[in-house]
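Dear colleague,

I am passing on the structure we spoke about, and below it you will find my notes on what turned up in it. Please read them with the coordinates open beside you.

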Amino acid sequence: MKRLLFSFMTITILFGLSACIEPERRPYYDDSYGPYDRADRFDIQTRIENQQRRIDQGISSGELTRREADILIDNLNWIRDEYSRAKRDGRLTQSEIERLSEHLNQNNRMITDKKNNQVRRVYTVPAPPPPPPPPPPAPRHEQPRIDFRDRIENQQKRIDQGVANGDLTRREAEMLQDNLNHIKDEYSRMKADGRLTPAESDRLERDLDNNSRMIQDKRNNQIRRIYEPVPAPPPPPAPRHDQPKRDHEMTQGFQTRIEQQQKKIDNGARSGELTRKEAEILQENLDKIEKAYSRMKADGRLTEKEQNKLDKKLDRNDKMIFDKKHNAIERFD
């Protein structure tokens, strides 16, 4: 009995002593929080510094291009930021440690062997935020917010500057100015009632955009009229007793047109806009018109058919003088 009691007491004492001894601390790697020394076990800070030195050496030796080094440094800076953010609460989880180590491994492989491990980002660049929604449309009774006067004044300055610095020829400037004057007239007419409709605003914007493109890049945007000129109404028929006076006015009109074309040809030859050969052909055409005109009015008047024939020839020659690019210069039949 005493032996049994002694054995029981011995077992109880040994059990008590074993309970008092602190169990051995063994590392565990679940997803709970751990102290910093767990991160040190993976040498994260040391590995970051080591990779920085190797990138610097790769730049110095020429093994890394500037673009490759920029991407690798960008990766390393991102890993530094992630490391700082992860340990901001004073601890690192096992999953955070493993994620940082994996990114360091990826960057390390690219530094060591860029031939088989293409240098690229180890993180995804966040997409830019979506643009803000467009403002609600203004009520139809509100005046449009576009200040057309500012745009018109700006184009006027650009045309004047283009003439002053030689970027625009006189003819090009006249065409652009004609377009701008048309827009000014349209703007004044449209806002006569105190407001502009959306359709009127769109039309003015389109015309100003077209003219602006021609001012800025006449090579790819040929300078032309942005509107169709309205033909002048024909003069009312004169009374038959006023026929001599009408014949005299018609004679003066053809003579004036011939003189105007003569000036254009002379000016074009002097300024270099017309080559010598082109000027000679245009002059030859004008001489033929002048001879035909003298022959037709030899009887003291011109018939309607003769007037139309002279007008067509003068118009044709005038188009060639005005725009030889689209109206090839050629001799009359």
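**Salt bridges, cores and confidence**

E284 is partly exposed, with a relative accessible area of 30%, and its side chain meets that of R331 in a salt bridge with an N to O distance of 2.8 Å. This pair links distant parts of the chain, since E284 belongs to helix α10 (residues 276–296) while R331 lies in the segment after α11 (304–322), 47 residues apart. R331 is likewise counted as partly exposed, at 45% relative accessibility.

Please keep in mind that this is a predicted model. The average pLDDT of the protein is 79, and 79% of the residues score at least 70. Confidence is highest in α3, at a mean of 92, and lowest in strand β1 (residues 33–34), at 41. Residues 17–39 stay under 50 in pLDDT, and for them the model has 27 contacts beyond four places in sequence. Residues 140–144 also fall below 50, and this stretch has eight contacts in the model beyond its near neighbours in sequence.

To return to the charged side chains, the structure holds 15 salt bridges, and E82, R85 and R99 are linked in a network of them. E82 is placed in helix α4, where its side chain meets that of R85 in a salt bridge of 3.2 Å, N to O; the two are three residues apart in that helix and are therefore separated by about one helical turn. Not counting residues up to four places away in sequence, E82 touches R99 and L100.

A further salt bridge joins the side chains of D207 and R206, at 4.0 Å from N to O. Here D207 counts as buried, at 7% relative accessibility, and R206 as partly exposed, at 47%.

Turning to the nonpolar side chains, the largest core has 21 residues, and those with the most contacts inside it are I44, I48, I55, L72, I79, Y83 and L104. Helices α3 (44–61), α4 (66–86) and α5 (94–112) each supply at least two residues of this core, with α4 giving the most, namely eight residues.

Lastly, the count of aromatic pairs comes to one. The rings of F148 and Y187 have centres 5.9 Å apart and planes at 55°, so the pair is tilted. F148 lies in helix α6 (residues 148–165) and Y187 in helix α7 (residues 170–190), so the pair ties together parts that are 39 residues apart in sequence. Both residues are buried, F148 with a relative accessible area of 2% and Y187 at 11%.

With best wishes

Notes:
Residues are numbered from 1 along each chain as its sequence is written. This is a predicted model: local features need pLDDT of at least 70, side-chain atom pairs count only at pLDDT 80 or more; totals for chains, interfaces and linings use all residues. Side-chain values use heavy atoms; hydrogens and water are left out. A nonpolar core is a set of buried Ala, Val, Leu, Ile, Met, Phe, Trp, Tyr and Cys residues joined through side-chain atoms within 4.5 Å. Buried means under 20% relative accessible area, exposed over 50%, partly exposed in between (1.4 Å probe, protein chains only). Helices (H or I, at least four residues) and strands (E, at least two) are DSSP runs, numbered from the N terminus. Contact means heavy atoms within 4.5 Å. pLDDT is the predictor's confidence in each residue, from 0 to 100. Rings of Phe, Tyr and Trp (its six-membered ring) pair if their centres lie within 6.5 Å; planes under 30 degrees apart count as stacked, over 60 as edge-to-face and the rest as tilted.
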